[in-house]
Structures are given as C-alpha cells and as structure tokens.
Amino acid sequence: MAWAAGWNWQLDGWIVVAGVLCAVAAALLGNFLVLRKMSMLGDAISHGVLPGLAAAFFLTGSRSSLPMFLGAVLFGVLTAVMTQWIRDLGRVDEGAALGVTFTALFALGLVMIVRAADRVQLDPGCVLYGALELTPLDRWDLAGWEIPRVVVVLGVVLMLNLVFVTLLYKELKLCSFDPALATTSGFHAGLLHYLLMSLVAVTAVASFESVGNILVVAMFIVPPATAALLTDRLGRMIVWSAVLAALSAVLGHIGALAVPEWFGYRSTTTSGMMAFAAGGFFLLAALFAPRYGWVARTLRQHQWAWRVLAEDVIAVMYRWDEREPGGAVRRSRLQKQLVTGSFALRVVLIWQRLRGRMRLEAGGYCLTERGIRYGRGLVRSHRLWEQYLVSAAGVPLERLHEEAERLEHFTGEALRQRLVQATNAPRRDPHGTPIPPES
Amino acid sequence: MMLRFSFPRWWAVLIWLVVPAAGVAAGPEGPVRASWTLPVAELPRIRGVGECDLSAAPDRMFGVAPGSGGRAFSPRPESAGARSTAPAAGRGSHWRRLWRLEDYNTRIVLLGTGLLGLASGVIGSFTLLRRRALVGDALSHAMLPGLAIAFLLAVGWGHSGRSLPLLLSGAAVSGLLGMAVILLIRHGTRLHEDTALGIVLGVFFGAGVALLGVVQQMPAGHAAGLEDFIFGKTASMVARDAWLIGAVAFGGLLICLLLFKELRLLSFDDQYARAKGFPVVALDVLLIGLVVLVTIVGLQAVGLVLMIALLIIPAAAARFWTERMDRMTGLAAGIGAFSSLMGASLSALFPQLPSGATIVLVAAGLFFGSMLLAPSRGVLARVLRRRRLERMFARQHLLRALDASRARHGAAGWSVTFETLLAARSWSARSLRRELRRARRAGWVERRPGDGWCLTPAGASRAARLTREHRLWELYLLTHADVAAGRVDHRAEMIEEVLDPQTLQRLEAMLAEELGAVPEDSVPPGPLGAVESPRADGGA
C-alpha cells in the first residue's frame, strides 16, 4: 500500500482528473463510432494529423499550441473525408481506404518533419505520445485557481462533446441506426457525419497532445463496446460508457502506481494502465454481462438440454414403474437407456432428488410420490399427443414416438385438456397402452 | 496444377531482386567493394530520432524510428572509414552508383525492402479480399506487450534480454493472442470486426506501454537498444536481416502459392469454402499467421507504419486493375516490390527523405494513379462510361421527341419550335440546346427558317426505328415481364441484338395487330400514347 501513502492530491488528483475528462470525452463520441462500424477511425485520425502539425509549424514558424491544434484538427477531418472519398469513388473496402489514407498522410507528415528538423527541434513523439504524468506541472491561473492547462482544454472539449450529444441526440440516433431513413426524413446525414468527424478529430488532438495517443484510441472504442454488451438502449449505452471510461481512468492510475509495486518496481505509465483497465472491464462484461455475456449465453443454450434430460429421466422411470411397480433403477441402466454422459446424468439425478421427485435406495433410484405424479403428467402428454397425431394429423405409426417425445416437454395441463377434447377423451394410445389419468 | 499460376510481371522485379541478392551473398568484400557511401551519411543526427531511450519506443512505433522515419541510409560501422572518401561528385554519379548497386549497404537495403514489399503484397491481397485490411494494424500494435514480457523474462532468467529469437517469439505469441481475441470477440459477442480490432489495438498497446514503463526501470545497459531490434532500422539493416526477410518472404510466397486455391476461396466466400469441406478456421489461422510473421520481420526491419502500409496499399492498388485473383496477387507483389525499391532508392539519392516514409509515399502514389487510371474499375474510366451512356440516352430522347411531334403534325412542311420541344420533356434548355447542336452536326436534324427544327431524312428514319424499338421493348415488358428484367440491355441500340428472332417476330406481329399493319418507318403513337415508360428508356 505504498502507493496510497505516496498519494499526492496536488499531483495524482490532477492526473486522475485529466484522465477522466479525456476518457469520458472520447467515450461519448466513441458510442457512435462503434455503432457506425468506424471504430478504427480514432487510430487513423491520430496518425493522419501529423502533416497538419508540420504544416502549422511551417506556416507560423512557431511551436505555439493554437496553430498546431488547428492544423491537426484540419488534417484529422481530412483523414475522415479522404477515407470516405476513396471508399465511394474507388469502391474500396472501408478498412483498406482507412489504411491507405492514414499511412499515406503519416508518411507525408514524416517527410515534412524531417525536412523541418534541420532548422528546429520538432519532436513528433512529444505530440503523438503525451505524458499524462507531467500534466500537473503546466498550470494556468484561472480566477485565482491554479488549474493545469490540460485539464482546462479537456474540460472544454468534454463540454463540447456533451452539448453535441445531448442537443443532437435524436438525429445522431437516427443516423447511426438508419442513415437512409434519416436522409429521407429531411435532415442532412452527411452534415452530421462531418460534424461528428470534426469533434472526433478535436477530441483526439486535444487528448493526445496531453494524455497520449494510446489512451484516446482505447477510450474511443473500449468503453462503448463494453456498454454495448450491457444494454440495448442507446441512452443507457452512452451513460454506461461514460461511467466505465471514468472508472477505467481512476483504476488505471491506481493500477499504474500499485501493480508494479507488487513486482518490486516503481510506478509505470498511467495512460497505458488506463487502457488496460478499460480492457479489464470489457473482459468482465464479455464474460458476465446479463444478456450478452458468455456465461449467460452458454447457460441459455444449455438450459433446454438440461430440462429435457431431467424430464426424460422421470418419464423413463415412470414407464418402468408402470411395468414393475416399486422396482429400483440403477444409474447404469438409465444411462444406457437415455444415451447420455455420466456427468450430466449424475447432475440431473442429484437435482431431481433435491426436488424430491426420487430417492436413492439400496437397489438404485425410486420415484417418490411427487415424482410419480410428475412422470404421469409427462407420459400422459406423450400418449395424448400420439393419439392426437394419429387421429387429427394422420402421422404414420412409426414416426409417432419421435414427434410425441419432442412435444411432451412443451405440454402443460391446459394443453392436455384441449388434446383430450380434440381426441374424444381416449383411454388408450395408438399402441394400445393405457393413458394414465390426470393427477 | 496449382503451379499453373504464373507471374509474367514478376520478371522485371526478379531481376532487380536477384542482382542485390548476389551482391549480398558476395559479402562486403564482394566483387564490387563498397568504397563509397551515400552523402546522406553526413546528415546531422536528428533529435528524437537517432538516440531515443526506451521510453521513446512508442514514438518509434509510430514511425519516428530510424527505419520508418529518421535517417535515410547511413553506412554500416565497418564502412565508416570509407565515409571520408565520399565523393564530392554531382548527383549524376550517385545515380550511377545506385543503379549499379555498387554499395554493399544499398544492396542489402534494396534486397530487404524489396522482398518485404513482394511478400506483403501477396499476403495483403488475401487479407484485403477477406475484408481484413486493418488486421496488420491491430496485430502490429498487439505485439508490444509480448515483446516487453519476453524481455522481462529473459532478464529475469539472467540472459541479456536482447536475444533476437526470444524477443521475436514473444512478439509472435502476443500477436497471435491478439488475433485469437479478435476472432473470439467477433464470433463470441455481438460486436463487429472493426470494434474487435480497435479493442485489441487499444488494450494490447496500452498494456505494452505500461510494461515498457517497467522495462525502463531495468538496470541500465539491459534495455538499451531493445527498440532497435524491433522498431525498425532500415538504415542500418544488416545482411542477416535481409536474409531473415528473404527466408520469411520465400516461405510465405511458397505457402501462398501452394494453397492458392484454398486461400482464394477463403477470401472470396468463406461460407462456400466451409460447405465444400475446407478447413476454414485452419486456413484463417494460417493466413493470420503469415501476416504475423511478415509483420514481425517487417517491424524489426522497417517500422510499424510502413509495415501496415505495405500490407494494405499494394493490394488495394492492384485490385483496380484486374478481376482475377492470380493477376491481382502478382500485381500486388510487383507494386509492393517496386515501391519498396523505388522508395529506398529515392531515399538514398536525396537527403532528408526518410526511407520508410518515401516507400509509403511511392506506394500511395501508385495507389492514387491506379484509382484514377485503371481501365475498368478506375474513376476516370467509370466517369467516361457514365458520360457516354448519358449522351446516348439524351440523343435517343431528342430523336424520339422529334418523331412524336412529327407524327402528331404530319410529315409535310413540319417543324417544331425550341419552346415546344423544351416543354415536351423534362430537360433543361441548356442540355436541349447542346443535344440539338450535336444532332445537327451528325446530320439528323436541321433548322428551318423561323426558329423551327425538323428531322432530315436520315434522322427521320433513325428516329422512326428508335420509336419502333422503344414500342417493341414496351410490348416485350408488358407481355414477358417475368423474364424481361434480366434481358433488357439498356446499352443495346438494337432490339435485334438482344432478343431471339422468334420473340421478335411475335412482338412485331402483336405490334402490327394493334396498329393495323403500318409500314415500319412511320409508326404513329402507340398503345401507351405520349406516356413514356422509364424502363424502356433505360431508366434515364
């Protein structure tokens, strides 16, 4: 817990604030990138802005922030526009169009920077790969408050994104899910698209100038993707993504301080750990999300299989009980009859014993009174269905059993009542076996 | 059977590749002894490019590494002594020396980058058609944590941590793990492939950066130079790197050649491939394994952004030129190799052109050239085709409008004013004037005194034929609507070219029945009157 002792609100507090602001700002827009299948755009834009930085430097001859920022944003938007242009004009796959655009622009920027490097110390690394740890050092004096510059910039960007998403929520929603309908209902889907792209570029540039490229690329995608696994509604998805982004930022900084300590090292890069924390949340959601998680889906898939097996066990034992009442059944015999795995059968038998439908005796398993009643319902359904299939649907005798075997699992007492009516209350099924009475 | 696959375009490239290969094989003391180095060697070292510590590794991944960014060629240490003999001769002599491959270092760099371009062009074709162009991007970022972990483990076990095979296998494991995660996310959740790529890219790279933060704290000396192994050093590429690239490129090409049919099917229609019993998952893993392999050797040699570019751009450029997979693969290999050779050569000739970036720019230039100029899929060709079609429709519209007007007013002394014509259809005055001008030049219409337009005899017969054909098409669509849609060829001027004679005869009989046997060249308004069927108009 050395990290907690070394926690300094003046330093760590501001780092966390900057991280949270950046993460939330990116996640807000990221929802729409994920929905529109443009997730890789954040990565592309963060590479594509390089010529903008170089051009701003060439034009103004200084390394002041504002022209650099404008140049970068301009080229960020250009990356998005060019991608679309190549995709539509050249009919190239979206991913390939993106790849061509950003690598070409990046290479162009690199050549420009190398040419400039003769005259000035322009380090692209420092623009592309910010240092979150240095955030608290560069401060602005705002109305008596000493606030880090980065926090102010990111705060403004976050407000901008928040206003954009809340004001144009309806339009964004329509455009993300059905651009054709959006166009026909009279507003400019293209305009909204470019507005979104501009804000993505602004967010990306503002973020990686201060907190680093990795963090913004990860935060555009990972929290919204996590949120998409948690809910089906866009509003909730946005809120979830913002919450998850903020949590990953906080946890990431704590992790950056604490985790290396366990292995005997000093703290590591905060932005990397923030991305990693977001990945951890995604893993949790992918496994345990209530509807779309792996566990829930696997359980849902197997639910029916388990239920059918559990009912088949009772039905088989009921039939044997009909022939020789009171006889106990060994598990091996059941397993042979039902053609199932020994583990699954064991689980089902334990479950049925817990439900009080059978008991374990010296000679094997016996149905209890409750089990007999349950089995009678199943077998009655089965035989009523057989009768119905013969009399009403004309299914040939040799296929009766299969059909009825499937249908018995979906038949309750009310449906049995209607089957009785439809088949004129038969006493025996088509094979001549008596149909047990309702209990 | 599969070796039927031939690359006529490769020969030019092969010659270029064989020559430097022979030179490399001969070694520095080979037949053309390197007594000369490129003047670029005198370039002052650029801050943040040459001498970064490991904390700058991520910058390097973004291509500021010596390989993809920084210097162009610089001499190998053993030839450093030769630097002083760098000639003060003009550029002409540089060209000559470059093209004759007199410098050992140049030979190595050309061979290495050329082979890399060749292999990544071929592999990139398959990933492009599989709609996985950005997989290289995600994978190359995903390699960082494996690399850092391999380094930490090596140091932990008391090795130097700089052993290349260990680092490369760490990167490979991490890349393959990233790929497995991409496939799991794609098939196991409801997220799309692009999101899966983005998640892997962001999270793995983040983890890698966090791990590098730890690696940085290793006792000094251990970590130094780690980034050189990985993040590119085109400039100081040594023969061993070139041979490594060569081996990987050869292996990759061989696999692609042997499994060409299977990979082609996978790229175009994996559902069908699965139905035919191909091991789709295994093939997918194989293809991705090839991407990982070529990315690893490429990253180590030339840097990250260049590697991504080489996997995407040549294949995307080749796609414009052909519809056949074998030709596309060969062309992509050619474009990849050519841009690598060209970029590396340019970088050697001109100071301040970083080799990696130059290669990307050459490839991008080829891409945009292909996009504009390719014969059938190119932008220019498509625009021209569309223009021709529009012109044809406009001409037909004009003739038919004139014909309809003539049929209403009788043939003798007939003429129609511009305004009447303008009102007859929804065309603008400008386009109508243009069409009239064109038709007059073709000798189909003439101008009567008093602002009237009329058809010449040649134009009249052509217009009558058009009207008749139009009517026949309408009839055909009315009576054979169930099959018609597929048969209507808007570009065919003659119905005879499209329909079989029996159908045509039947249609003619029907038309004659409706009109009461009228001679072919003077058909009055038909069953649909003045209503035009947009369908038979060709949807114009």
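Reader: Why are helix α4 (residues 104-129) of chain B and α13(B) called roughly perpendicular?

Author: Their axes come within 7 Å and cross at roughly 70°. The axes are lines fitted to C-alpha atoms over the stretch in contact, and angles run from 0 to 180 degrees between N-to-C directions. Under 35 degrees is roughly parallel, over 145 roughly antiparallel, 65 to 115 roughly perpendicular, and the rest oblique. So α4(B) and α13(B) are roughly perpendicular. Note that this is a predicted model: local features need pLDDT of at least 70, side-chain atom pairs need 80 or more, and totals for chains, interfaces and linings use all residues. Residues are numbered from 1 along each chain as its sequence is written, while chains are lettered from A and ligands numbered from 1 in the order written.

Reader: What is the hand of the crossing of α4(B) and α13(B)?

Author: The crossing is right-handed. That is the clockwise case; a left-handed one has the near helix turned anticlockwise from the far one by less than a right angle.

Reader: Which residues make the contact of α4(B) with α13(B)?

Author: Among them are Leu116(B), Gly117(B), Ser120(B) and Gly121(B) of α4(B). From α13(B) come residues including Leu310(B), Leu311(B), Pro314(B) and Arg319(B). Contact means C-beta atoms, placed from the backbone, within 7 Å. By class, there are ten nonpolar, six polar and one charged residues. Here Ala, Val, Leu, Ile, Met, Phe, Trp, Tyr, Cys and Pro are nonpolar, Asp, Glu, Lys and Arg are charged, and the others, Gly among them, are polar.

Reader: What makes α13(B) oblique to α14(B)?

Author: Helix α13 (residues 304-319) and helix α14 (residues 325-349) of chain B pack at about 125°, with axes 8 Å apart. That angle makes α13(B) oblique to α14(B). The crossing of α13(B) and α14(B) is right-handed. Leu310(B), Pro314(B) and Ala315(B) of α13(B) take part, among others, with Met328(B), Leu331(B) and Ala332(B) among those of α14(B). The residues of this contact divide into nine nonpolar, two polar and one charged.

Reader: Why does Val111(A) count as buried?

Author: Buried means 20 or more other C-beta atoms within 10 Å, exposed 12 or fewer, partly exposed in between. Val111(A) has 22 such neighbours, so Val111(A) is buried. Val111(A) sits in helix α6 of chain A. It touches Leu353(B), Pro354(B), Ala357(B) and Leu361(B), not counting residues up to four places away in sequence.

Reader: How many residues does each chain give to the contact between chains A and B?

Author: Chain A gives 58 residues and chain B gives 52. On the side of chain A, the largest share, 14 residues, comes from α6(A). That side has 39 nonpolar, 13 polar and six charged residues.

Reader: Is Val339(A) buried or exposed, and why?

Author: Val339(A) has 6 other C-beta atoms within 10 Å, so Val339(A) is exposed. It lies in the loop between α16 (331-338) and α17 (342-354) of chain A.

Reader: What makes Arg131(B) partly exposed?

Author: Arg131(B) has 15 other C-beta atoms within 10 Å, which means partly exposed. Arg131(B) is in the loop between α4 and α5 (135-156) of chain B. Its phi is near 60°, positive in a residue other than glycine.

Reader: Why does Gly378(B) count as partly exposed?

Author: Gly378(B) has 19 C-beta neighbours inside 10 Å, so it is partly exposed. Gly378(B) is in the loop between α15 (355-373) and α16 (379-409) of chain B. It touches Phe320(B), Ser370(B), Met371(B), Leu372(B) and Leu373(B), not counting residues up to four places away in sequence.

Definitions and conventions
Helices (H or I, at least four residues) and strands (E, at least two) are DSSP runs, numbered from the N terminus. Two residues are in contact if their C-beta atoms, placed from the backbone, lie within 7 Å.
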